[in-house]
Amino acid sequence: MKTQVLSYNYNREHIKPGILHIGVGNFHRAHEEFYTNLLLEDPTQQDWGICGAMLLPGDERLYRILEKQKKEYTLTICGRDGKDQTYQIGSLIELIWGIENPAAIINKIADKNIHIITLTITEGGYNIAKATNEFMLDNENIKYDLAHPQSPKTTFGFVAEGLRKRKAVGNGPITILSCDNLQHNGNTARKAFLSFFQAQDPELAEWATVNITFPNSMVDRITPSTQPEDIIRLNAQNGTQDGAPVYCEDFIQWVVEDKFIAGRPAWEKVGVEFTQDVTTYENMKLSLLNASHTLLSYPAFLSGYRKVDVAISDERIKKFVRGFMDIDITPYVPAPGNMDLDLYKQTLIERFGNHTVSDQVARLCFDGASKFPVYIMPNLIQMIRDRANLTRQAYLFAAYRHYLKYKTDDNGTKFEIAEPWLTATDDILIASNSPIDFLSLSPFQSTELKAADEFVELYLQMVNAIKEKGTMSTLESIL
């Protein structure tokens, strides 16, 4: 039976873009676009359409498809009860590909009708060094943009040039809202952009400190990448011919610091929660959902699992993840507001096991170098300080090393890794036959792991056990 597609009821010709979004990927299209699509039904909110900005050469395929479809696409929300609901999304009103038309993005940032720039540029996209927590001015593309302000390549270069023009014509203040999975993502965005502005144009930096706000936010909705076979499946299910469909889970959450200097949509009307401090929400989500995703990803992948729902149905993996949540993380995660933390954790297990979402384990493994510093290291540092049980953490680090070093799972299947932020030095440390060297990897440099004797001892045991007995046998020994 085909799924009914729910269309929007607003007239897109009456919608004006008030938001410029940089990074029009699947998560953005399942999250901010979804909320905004619902909100645009309100006649008082129709100045808050979204203009999408794509900056990368690899964005061309999606750009061409969405342009052909008048920027519309379908979003299929997969229920944990097995029932799906599909929406026609119309909130993406304009779309610009920076490779083809960079001036249009710059002009849009300067446009007085744009009040918010939102971002999904990935955890690593903020160009902050993991060891020093400083903006990396020696990055080649950043150096290019500093020297060539009128022909930018990076998000920072585009935003700087657009804001310079905005400032020159007196079009007023603006908000930059990060929607990436980073703790204090607004603070991170503020540091990154102001560091770039200061290096390129101190006058712009001075203007920005008064005329830009950077709210922190917490975002949550599991959204797998859409594979070619998913496009066929979703179109058959929905009776559509969408070249760029998205599918996601039924859970959604967005908690935002209410700090918008130039006005904002009334997203609270469609379920967004505004608050004065998102810290406890961020800590809960990053420490439980994102950290648990990272925890299960490498052991599951090495054991031969390729789908998250299948992996979490293995009682050994489920027990491992639940033990991590209950024993390792809960002592460091105060529940925000009136939230029931036990219910939240149980819901996470159900979300991981959603068969209709069936997220890819490989997606969770991707770019561990950006994930470990954000999701794993903060709580691990506290656990080492408190002399807590480090067994599960040591097993994770040993599994991550095995994944990076051997690129072969326990069944003998070879695989490629995707780690865009690992350095040449990191590659040497991974290749080393001394497992201790791995603990100096750049993602771990927020603490001296080699000085944590109990952790090191457990880690070395796990490295040897995984090599000799395999990933799952080693897991069984610590449950």
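Biologist: What is the relative accessible area of Glu268?

Modeller: The model is predicted, so every value here is computed from its coordinates. Glu268 is partly exposed, and its relative accessible area is 41%.

Biologist: How far apart are the closest N and O atoms of Arg264 and Glu268?

Modeller: Arg264 is also partly exposed, at 23% relative accessibility. A salt bridge needs a nitrogen and a carboxyl oxygen within 4 Å. Arg264 and Glu268 form one, with their closest N and O atoms separated by 2.8 Å.

Biologist: Elsewhere, which residues do salt bridges with shared partners join into one network?

Modeller: The count of salt bridges comes to 30. Where bridges share partners, they join residues into one network, made up of Arg322, Asp326, Asp342 and Lys345.

Biologist: How many residues apart in sequence are the parts tied together by Glu203 and Lys167?

Modeller: The side chains of Glu203 and Lys167 form a salt bridge, at 3.9 Å from N to O. Glu203 is exposed at 55%, while Lys167 is partly exposed at 31%. Since Glu203 belongs to helix H8 (residues 202-211) and Lys167 to helix H6 (residues 155-169), the pair links parts whose separation in sequence is 36 residues.

Biologist: Within what arc do the buried residues of H8 fall, seen down the axis?

Modeller: The buried residues of H8 are Leu204, Ala205, Trp207, Ala208 and Asn211. Their directions from the axis put them on one face of the helix, because they fall within an arc of 165 degrees.

Biologist: Which residues are exposed on the other side of H8?

Modeller: The buried residues of H8 pack against H6, strand S8 (174-178), helix H7 (185-200) and strand S9 (212-213). On the other side of H8, the exposed residues are Glu203, Glu206 and Val210.

Biologist: Which strands stand at the edges of the open sheet of four strands?

Modeller: This sheet has mixed pairing and the order S1-S5-S4-S11. An edge strand has a single partner strand, so one side of it is left without a neighbour in the sheet; the two such strands are S1 (5-6) and S11 (246-249).

Biologist: Which residue in S5 does Leu6 stand opposite?

Modeller: S1 and strand S5 (residues 84-89) run parallel and are joined by two bridges. In S5, the residue opposite Leu6 is Tyr87.

Biologist: At about what angle does helix H2 run to S5?

Modeller: Helix H2 covers residues 32-39. It lies across strand S4 (73-78) and S5, and its angle to S5 is about 75 degrees.

Biologist: In S7, what is the bridge partner of Ile22?

Modeller: Strand S2 (residues 17-22) is mostly covered, with six of its six residues buried. S2 runs parallel to strand S3 (residues 49-54), with five bridges, and His21 has Gly52 as its bridge partner there. Four bridges join S2 in parallel to strand S7 (residues 116-119). In S7, the bridge partner of Ile22 is Leu119.

Biologist: What separates the C-alpha atoms of Met218 and Asp326?

Modeller: Met218 lies in strand S10 (residues 217-220) and is buried at 3% relative accessibility. Beyond four places in sequence, its contacts include Trp254, Tyr281 and Lys285. Met218 and Asp326 are 108 residues apart along the chain, and the separation of their C-alpha atoms is 22 Å.

Methods:
Residues numbered from 1 in each chain as written. Predicted model: local features only at pLDDT ≥ 70, side-chain atom pairs only at ≥ 80, totals over all residues. Heavy atoms only, no water. Buried < 20%, exposed > 50% of the residue type's maximum accessible area, 1.4 Å probe, protein only. Pairing = 2+ DSSP bridges. Contact = heavy atoms within 4.5 Å. Axes fitted to C-alpha atoms, helices over the stretch in contact; angles between N-to-C directions. Arc of directions from axis to C-beta.
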